[in-house]
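Please look over the sequence and structure below before reading on.

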Amino acid sequence: MRAWQVTANGEPADVLRLVDAPDPEPAADQVLVRVRAAALNFPDILLCRGTYQERPPLPFTPGIELTGEVVRAPAGSDLRPGDRVLGGTSAAGGAFAELAVLRATDAYRVPDGMPDEQAAALYLTYQTGHVGLHHRARLQPGETLLVTAGAGGVGSAAIQLGKAAGATVIACAGGPDKVQVCRELGADHAIDYLAEDLVARVKELTGGRGADVVYDPVGGDIFDAARRIVAWEGRLVVVGFTSGRIPSAPANHLLVKNYSVVGLHWGQYRTHDPAVITAAHADLERLYAEGAISPLVSSTFPMAELPQALTALASRRTVGKVVVKVAAG
Ligand SMILES: NC(=O)c1ccc[n+]([C@@H]2O[C@H](COP(=O)([O-])OP(=O)(O)OC[C@H]3O[C@@H](n4cnc5c(N)ncnc54)[C@H](OP(=O)(O)O)[C@@H]3O)[C@@H](O)[C@H]2O)c1
């Protein structure tokens, strides 16, 4: 099969090679799929650079969420060859290839009528939002949710999920075009944090209270600002560090302002508590069927252009999800 491989750590465009590789051999609990579409995630870039929390041995094939067609399913699974499934590979990846393996428990039938490109983004991206907002932050109807990098992958999902949960959503993003995307995704208020004072604007919009829940994939200066505008008894969810700086929260600040900083490592639920993922997926299917969520796929690249697609994601130019199309549907 044709597969992208990371041959050394560095920028995606420098270290990715499209190679002929042996077909992957599924383990007893894994399903083999022919990949139809694979969604890009910021961790793919970090995995190429060797700066992600997991560092697979070289060479490896990146790509962590996909839509595929079942080729072979393990005994006892209710999946059949030909079924169209969405799901996630292991942390080491494998989705940027013609064939991939994933645990049968991490593969779900694609909802009726859902295009491959959107289905590829329903797993990790929306799971992270759902588990982060509901299981970790306990977001309640009527609360205020602040989403940073709201026009990005996990941010765009969090805006939709926040609205679906009955929250008032304030989104922030870099630049007027991204702010417009946040509004179109359903945000009640959108702030351009490259041009406006984020702290002052959120205080103004919340009557000085701040946001009950902050969902922050950016870290760095944005996390520092978020600590100033998280409400009494608020929950600040640490999603990621696309800014490149891992911030700190002094314990005395948590005490004085009476808020919580909530860590989120969604992938670990696959081993620690898979029932959380199963329950979230059932709710995501319901929300999709009701039209409350719909992954924003802004650009689709052919498989051969994966390095360009990852470079675009790394350079902060993309909105929503970027997907590579691997096989024709
Ligand atoms: N905790 C978990 O379980 C989990 C799961 C999935 C993903 N994540 C994390 O979530 C984060 C977002 O991932 P994603 O795939 O959804 O990416 P993305 O949001 O599509 O892209 C990253 C966004 O971060 C913002 N950003 C701010 N400073 C940046 C910089 N210096 N360079 C690049 N981008 C910058 C940009 O939005 P603006 O221009 O609007 O600022 C950019 O669009 C990543 O850190 C990822 O590791 C965590």
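I159 touches V147, G150, V169, A171, C182, L185, G186 and A187, leaving aside residues up to four places away in sequence; contact here means heavy atoms within 4.5 Å. The model is predicted, with local features needing pLDDT of at least 70, side-chain atom pairs counting only at pLDDT 80 or more, and totals for chains, interfaces and linings using all residues. Residues are numbered from 1 along each chain as its sequence is written, and side-chain values use heavy atoms, with hydrogens and water left out.

**Nonpolar cores**

- I159 is among the residues with the most contacts inside the largest nonpolar core, which has 46 residues; the others are L133, L145, C182, Y215 and I293.
- A nonpolar core is a set of buried Ala, Val, Leu, Ile, Met, Phe, Trp, Tyr and Cys residues joined through side-chain atoms within 4.5 Å, where buried means under 20% relative accessible area, exposed over 50% and partly exposed in between (1.4 Å probe, protein chains only).
- Two or more residues of this core come from each of α4 (124-136), β8 (144-147), α5 (153-164), β9 (168-173), α6 (176-184), β11 (211-216) and α11 (274-289); helices (H or I, at least four residues) and strands (E, at least two) are DSSP runs, numbered from the N terminus.
- The most is given by α11, with six residues.
- Another core lies apart from this one and has 32 residues, including L16, A95, M303 and A309.

**Strand β15 and its partners**

- Strand β15 (residues 321-325) has four of its five residues buried, so it is largely enclosed by the rest of the structure.
- β15 runs antiparallel to strand β3 (residues 30-39), to which three bridges join it; strands pair if DSSP finds at least two bridges between them.
- In this pairing, A38 stands opposite V324.
- Five bridges link β15 in the parallel sense to strand β14 (residues 297-302), and P302 stands opposite K325.
- Together with helix α12 (residues 306-314), β14 and β15 form a right-handed β-α-β unit: with the strands pointing away from the viewer, the path from the first strand over the helix to the second runs clockwise.

**Backbone exceptions**

- Most residues other than glycine have a negative phi, and most peptide bonds are trans.
- The peptide bond from L58 to P59 is cis, with omega near -10 degrees, and P59 is in the loop between α2 (42-49) and β4 (65-72).
- A149 has a positive phi of about 50 degrees, lies in the loop between β8 and α5, and is partly exposed at 21% relative accessibility.
- E233, in strand β12 (residues 230-238), has a positive phi near 65 degrees and is exposed, with a relative accessible area of 52%.
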